Amino acid sequence: MTAGGSGLAGILVDARPVDHPTAGQRGIGRYLTGLLGGLVELGAPVVALHATDVQAELLRSTLPPTAPDDTIRRLAPATLREAIAAADGRPLWYVATQLLLHPVALDPVPSLITRARLAIAAVMYDVIPYRYPERYLVHPNARTQAALRAPLARTLDAMLSISEFAGDTAADELSFPRSRIRSIGAGVDSRFAPAGSRPLPRPDRVLPAHVTRWVTSVCGIDERKNTDRLVRAWGLVPAALRQPRRGGCALVIVNAHTPEALAQWKAVARDAGVDDSVVFTGAVTDDELVALLQRSELSVMPSLEEGFGLPVVEAAACGTAVVCSSTSALREVLDDPAAHLDPTDTASIARAIERALTDQQHHVALVAAAARAADRWTWRRTADDLVAALTELGPRWPGRARPPSHLVAQVEDDRVQVLGRDYALAEGPDGSVTWPVGALGPWIKPWDVDQTVPLG
Amino acid sequence: MLPGSTASEVRRLRFAVDAMQTELAALREVTLATNHAVMALNHDIRSGAPEALPLFLGWADRVRLDVDAAIAAVQVIERQLDLADRVDRNPA
């Protein structure tokens with residue numbers, strides 16, 4: 001691996017969330033593949049660490065074709081031994097991508113990495129569950145796991161937050177030194193592009209035939225997304241602007257929803273007198289979403305709090321005018337005050353929509369602000385910022401990386417014995433530890449050992 | 001990290017953590033077996049105890065989750081001890 005001018009020997013990225021059942025397609029999984037693509041494009045010495053062949057195949061299908069052959073490697077002692085030998089004392093980083101992904105048992109910082117004493121930087125998406133525990137940490141086990149993540153986070157060398165807001169709140173909630181957090185932002189998938197460069201058909205499946213003009217909002221059933229208030233605000237917009245059967249716009253609410261959430265939104269729409277001009281699409285494909293955004297008069301993001309606010313940049317990348325909340329990370333992502341609204345004030349949301357739809361000069365200014373945001377938030381820039389952050393910060397803790405010793409798990413009947421454990425401090429009589437066989441998997445992870453050998 | 005600790009204390013803690021890990025792994029085996037037994041009972045006599053058993057099932061699962069959380073707790077301790085050792089060996 002070469003340093004690519006940064007002085008870094010390597011950036012080993014935890015790529016296991018690529019096939020996470022709930023986060024693989026959106027959220028963390030998409031952030032992961034975007035970041036890896038940016039690092040490859042930058043020519044950074046990046047390695048994507050996977051644990052299964054399925055993950056490796058998914059990574060191969062998403063990484064740029066220019067990625068060197070050895071970019072995708074299995075998380076295993078042998079991989080670390082090679083990387084540490086090649087580093088020859090230069091900084092070698094492990095980027096933890098699932099520190100805050102449920103549950104902790106996913107092993108966000110493998111023992112293997114601790115034993116090898118790599119410098120660790122965690123990507124920090126948000127700490128919203130810590131800020132609103134009464135809403136997000138209802139289950140006792142969720143509270144326990146959240147309580148365990150904070151001391152784990154404090155042992156890390158650095159955090160790479162996706163916004164300054166995410167960095168500030170993570171420092172507060174996790175008691176992590178703010179001086180060791182850098183904001184690296186996020187980027188947008190290249191599929192989000194204006195109709196001029198990526199023409200797509202009208203998404204007829206999710207849009208009634210009589211709707212020819214619309215305002216889009218990518219929302220959520222989470223109360224934080226503020227969908228109820230947006231629908232009420234739509235009712236305050238002058239009627240002539242929101243009558244799709246008479247040349248006005250429809251409000252198109254895009255997201256997967258439960259039957260209960262849909263019933264609640266429809267009740268709010270009826271109460272606000274707008275049930276004939278609001279469309280709830282349910283789940284959409286990526287292409288349907290892009291097609292909706294490309295033809296939107298406006299995109300609205302009235303969320304009360306976001307760690308970044310990717311839908312804002314996705315709409316911007318499609319060439320759409322965007323208005324968003326003036327709170328949390330949203331004001332960083334779209335930093336023109338003219339595009340901001342107060343998400344706690346229904347009238348403010350309505351005014352922002354009305355002005356964008358009626359004031360042509362203002363609409364042009366919103367499109368220009370969105371274009372600047374789309375230019376700013378790219379995966380290449382995120383990768384650049386990541387490399388700069390790790391180079392500038394350096395490891396927090398003393399001690400050089402050391403190659404993990406060769407470990408073998410011997411399985412016999414109902415026991416498993418791990419031989420050759422390289423604990424500098426735990427010098428057992430024969431250097432071995434015996435476990436019940438059920439410890440294989442939940443405790444002794446496949447990536448912790450070089451080999452698993454059945455005996456007898 | 002561990003104010004006032006000495007290298008020998010850290011080493012002693014390290015042995016204790018290793019022992020705790022194997023104890024917890026054994027406990028996990030027991031909770032899994034208990035869960036299976038309760039699940040089987042639930043199927044066998046559901047018609048006779050529609051209220052009580054699902055509640056018991058929930059508590060058994062709670063114990064299993066607690067043991068899983070303990071796995072994570074031990075990993076955190078493992079990491080803290082490793083950092084303590086690194087700091088001890090490389091005083092500022």
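Where in chain A does A:Asp88 sit? Look in the loop between helix 3 (77–87) and strand 4 (92–96) of chain A. Keep in mind as you click around that this is a predicted model.

**Nonpolar cores**

- The largest nonpolar core has 137 residues, and the members that touch the most others are A:Trp93, A:Val322 and A:Ile353.
- Both domain 1 (10–187 + 381–393) and domain 2 (214–375) of chain A put at least three residues into this core.
- Take A:Ile353: setting aside neighbours within four places in sequence, its contacts are A:Val215, A:Ala233, A:Val237, A:Leu298 and A:Val300.
- There's also a second, separate core of nine residues, with A:Ala409, A:Ala439, A:Trp443 and A:Ile444 among them.
- As background, nonpolar side chains tend to be buried together in soluble globular proteins.

**Where chain A touches chain B**

- On the chain A side 28 residues are in contact, and they meet 29 residues of chain B.
- Helix 4 (111–116), helix 7 (140–154) and strand 16 (433–436) of chain A each bring at least two residues to the side that touches chain B.
- Helix 7 of chain A gives the largest share of that side, at six residues.
- Sorted by class, the side of chain A that touches chain B holds 18 nonpolar, nine polar and one charged residues.

**Strand 6 and its partners**

- Strand 6 (residues 158–161) of chain A points A:Ala158 and A:Leu160 one way and A:Met159 and A:Ser161 the other way, and all are buried.
- Strand 5 (residues 119–124) of chain A pairs with strand 6 of chain A in the parallel sense, over four bridges.
- In that pairing, A:Val123 has A:Leu160 in strand 6 of chain A as its bridge partner.
- Strand 7 (residues 181–183) of chain A also pairs with strand 6 of chain A in the parallel sense, this time over three bridges.
- Here A:Met159 stands opposite A:Ile181 of strand 7 of chain A.
- To get from strand 6 to strand 7 of chain A, the chain runs through helix 8 (residues 164–174) of chain A, making a right-handed β-α-β crossover.

**A buried loop residue: A:Ala329**

- You'll find A:Ala329 in the loop between strand 12 (322–325) and helix 13 (330–333) of chain A.
- Is A:Ala329 buried or exposed? It has 29 other C-beta atoms within 10 Å, so A:Ala329 counts as buried, given that the cut-off is 20 or more.
- Apart from neighbours within four places in sequence, A:Ala329 is in contact with A:Ser163, A:Phe165, A:Ala166, A:Glu306, A:Gly307, A:Phe308 and A:Gly309.
- A:Thr434 is 105 residues from A:Ala329 in sequence and 49 Å from it in space, C-alpha to C-alpha.

- For context, most residues other than glycine have a negative phi.
- A:Asp88 isn't a glycine, yet its phi is positive, near 50°.
- A:Asp88 counts as exposed because it has 8 C-beta neighbours inside 10 Å, where the cut-off for exposed is 12 or fewer.
- A:Ser175, not a glycine either, has a positive phi of about 55°.
- The place to look for A:Ser175 is the loop between helix 8 and strand 7 of chain A.
- A:Ser175 has 11 C-beta neighbours inside 10 Å, so A:Ser175 counts as exposed.

Notes
Residues are numbered from 1 along each chain as its sequence is written. Chains are lettered from A and ligands numbered from 1 in the order in which they are written. This is a predicted model: local features need pLDDT of at least 70, side-chain atom pairs count only at pLDDT 80 or more; totals for chains, interfaces and linings use all residues. A nonpolar core is a set of buried Ala, Val, Leu, Ile, Met, Phe, Trp, Tyr and Cys residues joined through C-beta atoms within 7 Å. Domain bounds come from an automatic or database domain assignment. Two residues are in contact if their C-beta atoms, placed from the backbone, lie within 7 Å. Ala, Val, Leu, Ile, Met, Phe, Trp, Tyr, Cys and Pro count as nonpolar, Asp, Glu, Lys and Arg as charged, and the others, Gly among them, as polar. Two strands pair if DSSP finds at least two bridges between them. A crossover is right-handed if, with the strands pointing away from the viewer, the path from the first strand over the helix to the second runs clockwise.
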